[in-house]
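Colleague: Could you walk me through this structure, one part at a time? I would like to begin with a single aromatic residue.

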Amino acid sequence: MPATVNVPLAWTCVDWHPDETWTKVLLPRLVANGALKNQLDRSVYVIRLAGNFAISYPKGESPAVYVGEGGFGSRIAAHKKWARQLQELVGEFSFQVCVATPRVKNQEATYLDCEAVLLQRFRARFGCAPLWNKQVERRRFPHHQYSQDKLDYVIGKRSGAKYLWALKPMKASPFYQSYMKTHV
């Protein structure tokens with residue numbers, strides 16, 4: 001068995017509105033806040049609700065609605081569609097995108113393992129995957145370890161956060177099938 005590797009995670013978090021473009025708005029904002037442009041193609045990211053709303057999951061509330069991997073810039077169009085749907089349901093608000101680029105020498109797929117760890121941690125804490133995730137990925141490098149505090153920073157409520165509402169989709173909602181698919 002390979003030796004344990006502690007994988008550092010440094011999150012860059014910025015506000016995101018679904019109408020904003022990757023090239024002109026979001027990418028420059030991420031870079032201005034410390035993200036390295038040339039590493040974003042192998043990143044892990046979490047999309048969170050920004051504001052007074054959280055999602056009511058089976059075991060608690062969280063503002064996290066999606067965990068993904070790869071280049072957020074190339075996947076942003078797909079996220080815009082459901083983000084706008086959610087926005088239409090609850091009114092005008094923005095999201096927060098948190099991006100990290102975990103690296104381990106000679107293991108380019110570390111970011112895929114990190115996504116799996118985030119999804120598994122989320123499911124253990126909240127009873128299902130985030131609202132718009134349809135599956136929980138499998139780990140690739142079980143010998144990689146990640147700081148639980150760094151994981152919880154992006155999937156859970158942060159210190160001092162005061163949410164006024166916890167939303168839960170009902171059967172008529174376009175989010176219901178995705179929400180129920182990963183319940184334990």
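**Aromatic residues, the sheet and a helix**

Modeller: Tyrosine 66 has a relative accessibility of 10%, so this residue counts as buried. Buried means under 20% relative accessible area, exposed means over 50%, and partly exposed lies in between, with a 1.4 Å probe and protein chains only.

Colleague: What should I know about the model and the numbering?

Modeller: The model is predicted: local features need pLDDT of at least 70, side-chain atom pairs count only at pLDDT 80 or more, and totals for chains, interfaces and linings use all residues. Residues are numbered from 1 along each chain as its sequence is written, and side-chain values use heavy atoms, with hydrogens and water left out.

Colleague: How many aromatic pairs does a search of the whole structure find?

Modeller: The search finds 13 aromatic pairs. Rings of Phe, Tyr and Trp (its six-membered ring) pair if their centres lie within 6.5 Å; planes under 30 degrees apart count as stacked, over 60 as edge-to-face and the rest as tilted. One of the pairs is edge-to-face, because the rings of tyrosine 57 and phenylalanine 122 have centres 4.9 Å apart and planes at 90 degrees.

Colleague: Where do tyrosine 57 and phenylalanine 122 lie?

Modeller: Tyrosine 57 is in strand S4 (residues 53-57) and phenylalanine 122 is in helix H3 (residues 110-126), so their pair ties together parts that are 65 residues apart in sequence. Helices (H or I, at least four residues) and strands (E, at least two) are DSSP runs, numbered from the N terminus. Both tyrosine 57 and phenylalanine 122 are buried.

Colleague: And how are the rings of tyrosine 66 and tryptophan 82 placed: stacked, edge-to-face or tilted?

Modeller: That pair is tilted, because the centres are 6.2 Å apart and the planes are at 45 degrees. Tyrosine 66 belongs to strand S6 (residues 64-69) and tryptophan 82 to helix H2 (residues 72-90), so the pair ties together parts that are 16 residues apart in sequence. Tryptophan 82 has a relative accessible area of 2% and is buried. Tyr66 and Trp82 also belong to one aromatic cluster, whose other members are Trp16, Trp22, Tyr45, Phe72, Phe95, Trp132 and Phe175.

Colleague: Which charged end sits over the ring of tryptophan 132?

Modeller: The charged end of lysine 134 does, 4.1 Å from the ring centre. A charge sits over a ring if NZ of Lys or CZ of Arg is within 6 Å of the ring centre and within 35 degrees of the ring normal. Likewise, the charged end of arginine 158 sits over the ring of tyrosine 153, 3.9 Å from its centre.

Colleague: Back to H2, please. Where does H2 bend?

Modeller: Helix H2 bends by about 40 degrees at alanine 78. The bend at a residue is the angle between axes fitted to the seven residues ending there and the seven starting there. Just after H2, glycine 91 has a positive phi of about 100 degrees.

Colleague: What covers the buried residues of H2?

Modeller: The cover includes S2, helix H1 (22-32), S3, S6 and S7, where contact means heavy atoms within 4.5 Å. The buried residues of H2 include Phe72, Ile76, Trp82 and Leu86.

Colleague: New topic: in what order do the strands of the open sheet stand?

Modeller: The 4 strands stand in the order S2-S7-S3-S6, with antiparallel pairing. S2 and S6 are at the edges with a single partner strand each, so one side of each has no neighbour in the sheet. Two strands pair if DSSP finds at least two bridges between them.

Colleague: How many bridges join S2 to S7?

Modeller: Strand S2 (residues 12-16) is joined to S7 by 5 bridges, and cysteine 13 has cysteine 98 as its bridge partner in S7. Strand S3 (residues 44-50) pairs with S7 over 7 bridges; there, alanine 50 has serine 94 as its partner and valine 44 stands opposite alanine 100.

Colleague: Is S7 mostly covered or uncovered?

Modeller: Strand S7 (residues 94-100) is mostly covered, with 6 of its 7 residues buried. Valine 97 is located in S7 and counts as buried because its relative accessibility is 0%.

Colleague: What does valine 97 touch?

Modeller: Leaving out residues up to four places away in sequence, valine 97 touches Thr12, Cys13, Val14, Trp16, Val46, Ile47 and Phe72.
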